[in-house]
Amino acid sequence: MKSFKLLLLSTLTVACALPSWAGEPIDERMSADGLSLINIENLKGKVTIIGSDTDEVTIKGKLGESADRFVFEKSGNTLLAKVIEDKGYDYRNNDGGTVFTVKMPASLTMNFEGVSSDVNVKDLTGNVDVKTVSGDIEAKNLTESIDLSTVSGDIDSRNLSGKIRLSAVSGEIDDRNSSGRLRLKAVSGNLRSTSSAKEINLAAVSGDMDFTFGEVEELVISSVSGDVDGSLSLMNNGEVKMSGVSSDIALEFQEDINAEFRLTASAGGDLVNRITNDKVQRAKYGPSSKLNFSAGNGSAYVRGNVVSGEIKVSHR
């Protein structure tokens, strides 16, 4: 009998030492009273985050096979929702990771961090910061300060407003119906945007840019080897600054644009004017050229330079 009790105790001890939460449901809730920030962390899987007029935070889902446990705890004004991974798990087994949905008060600040975790976030009116590595990001109906970044994943955004920063390395960015202040940055991925933002900054290395903007006060475009194709209405006293190396940049303005144009090209680059009859002036010595002209009352300013590519300006 004594030997049996020792064996049973030993068996229970080993069982308790093993990860016991992997694959189990997640079902947590907490009052949002006193909360101002929610930090969410998920290494692998998919997370959906939804804002509403609720007065509590609820999380429902299922832990992946690689998960050890789920942490759901409050410290001061901050709530932490974090998946702790099993360090001994063989990640060559592709189980899809942990999947859960967070419902939270729309006005709270939300931060998310992940690695190979996809994120779907929508209907939040507080500040939003999302960072993942190989995961995709979907964002809809967000306001205030919005910062979304991924390395090899894609970003798909709809109806964002406020101070917006979207960044991807090898992934693509597709922004629709944004407003406020917009900054899009990619390395080898393409950028697409339809926006009514007044202040816009676009930067890419080898990716292409394709955009349709409304009335713009300030637009900055930086490209290395990618092509740029876009249209906008430049406000009086507004400014456009564009630069490229081996990029072809084509901008279409409104028909009654009022702006001074100062465009330069070097190393065999080309300049094309489809707004007025002013001609390109080519350097007497060397392959450089310049195009200076005024449209309307010249109140706005368009400046651009390209090395071996082309800048073409036209109006609708």
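Buried means under 20% relative accessible area, exposed means over 50%, and partly exposed lies in between (1.4 Å probe, protein chains only). By that rule Asp 174 counts as buried, because its relative accessibility is 12%. This is a predicted model, in which local features need pLDDT of at least 70 and side-chain atom pairs count only at pLDDT 80 or more, while totals for chains, interfaces and linings use all residues. Residues are numbered from 1 along each chain as its sequence is written, and side-chain values use heavy atoms, with hydrogens and water left out.

**Salt bridges**

- The structure holds twelve salt bridges, each a side-chain nitrogen of Lys or Arg within 4 Å of a carboxyl oxygen of Asp or Glu.
- Asp 174 meets Arg 192 in one of them, at 3.9 Å from N to O.
- That pair links distant parts of the chain, 18 residues apart: Asp 174 sits in strand β12 (residues 173-186) and Arg 192 in strand β13 (residues 191-195).
- Arg 192 is partly exposed at 27% relative accessibility.
- Both residues belong to a salt-bridge network that also includes Asp 156, Arg 158, Glu 172 and Arg 176.
- Arg 262 pairs with Glu 260 at 3.1 Å, N to O; Arg 262 is partly exposed at 32%, and Glu 260 is partly exposed at 24%.

**Around Asn 42**

- Asn 42 lies in strand β2 (residues 37-52) and is buried, with a relative accessible area of 1%.
- Its side chain makes a polar contact with the side chain of Ser 117 at 3.3 Å.
- A polar atom of the Asn 42 side chain also lies 3.2 Å from the backbone oxygen of Thr 98.
- A polar contact is a pair of N or O atoms within 3.5 Å; within protein, one must be able to donate a hydrogen and the other to accept it, and residues adjacent in sequence count only if both atoms are side-chain atoms.

How values were computed: Helices (H or I, at least four residues) and strands (E, at least two) are DSSP runs, numbered from the N terminus.
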